[in-house]
Amino acid sequence: TKIAFSAILIICSTYVLIAYFSKNRLLNNSKVISQSINLQVKQIQEDLNSIKEIIISDSQDIHLKKFAKLDIRMRKLQADNGFIQISPKYCLEAIGLIFICLVAIIFVANKSSNSADLLPLLGAFGLASQRLLPCLQQIFSAWAGIRSYRSEILKIRLNFNINEKLE
């Protein structure tokens, strides 16, 4: 039971640490993505209002490059947010495998322990991790997804004059 509790503690604390260190990055990305979307809409509106001049002056490439620059910046940040959402799973799988190996090494090095207990213990830990990790990953991914749209949520709240504190 000590090993099971320590495994749960390690997995949960790792997710909490990852969340702590990634929350500001997600918020900053959210702000820049929100600004990029606003600039894209503004660019499209301006280009549609002056479509005749753009066609006559044959400057479609210039306007397309302006839009593409904004779009690439936004999509890179969205990809960064997506990476933050899914990456903990793979890190924790590696940590879990290292933990299983360390438990096996400790059991083998400790000659007084019964080696017959090793396989069921490692199997139980592996099965528990296999069940627990996807659930925690889904929780973290949902939290990170919400966090990555935080500035848009704040704009909506300001537009509707919602004064409750959002954390």
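Q: Which residues make the nonpolar surface patch of about 410 Å²?
A: Ile-98, Leu-102, Ile-105 and Ile-106 make that patch. Patches take residues with over 30% relative accessible area and no salt bridge, joining like charges within 9 Å and nonpolar side chains (Val, Leu, Ile, Met, Phe, Trp, Tyr) within 5 Å. A salt bridge is a side-chain nitrogen of Lys or Arg within 4 Å of a carboxyl oxygen of Asp or Glu.

Q: What sort of model is this?
A: This is a predicted model, where local features need pLDDT of at least 70, side-chain atom pairs count only at pLDDT 80 or more, and totals for chains, interfaces and linings use all residues. Residues are numbered from 1 along each chain as its sequence is written, and side-chain values use heavy atoms, leaving out hydrogens and water.

Q: Back to Ile-105: where is its place, and is it buried or exposed?
A: Ile-105 lies in helix H3 (residues 60-109) and is exposed, with a relative accessible area of 54%. Buried means under 20% relative accessible area, exposed over 50%, and partly exposed in between (1.4 Å probe, protein chains only). Helices (H or I, at least four residues) and strands (E, at least two) are DSSP runs, numbered from the N terminus.

Q: How many helices and strands in the protein chain?
A: Five helices and zero strands.

Q: How spread out is the chain?
A: Its radius of gyration is 25 Å, well over the 15 Å that the globule rule gives for 167 residues, so the protein chain is more spread out than a compact globule. The radius is taken over C-alpha atoms, and the rule is 2.2 Å times the number of residues to the power 0.38. Along its principal axes the C-alpha trace spans about 85 × 40 × 20 Å.

Q: What makes up the largest nonpolar core?
A: That core has 10 residues, among them Ile-11, Tyr-15, Ile-84 and Phe-140. Helix H1 (2-49), H3 and helix H4 (118-148) each supply at least two of its residues. A nonpolar core is a set of buried Ala, Val, Leu, Ile, Met, Phe, Trp, Tyr and Cys residues joined through side-chain atoms within 4.5 Å. A second, separate core of eight residues includes Phe-99 and Leu-122.

Q: What is Ile-84 in contact with, leaving aside neighbours within four places in sequence?
A: Ser-22, Arg-25, Leu-26 and Phe-140, where contact means heavy atoms within 4.5 Å.

Q: New topic: what phi does Asp-58 have?
A: A positive one, about 55°, although Asp-58 is not a glycine. Most residues other than glycine have a negative phi. Asp-58 sits in the loop between helix H2 (51-56) and H3, and is exposed at 60% relative accessible area.

Terms used:
Accessible areas come from the Shrake-Rupley method with a 1.4 Å probe; for residues, only the protein chains shown count as cover.
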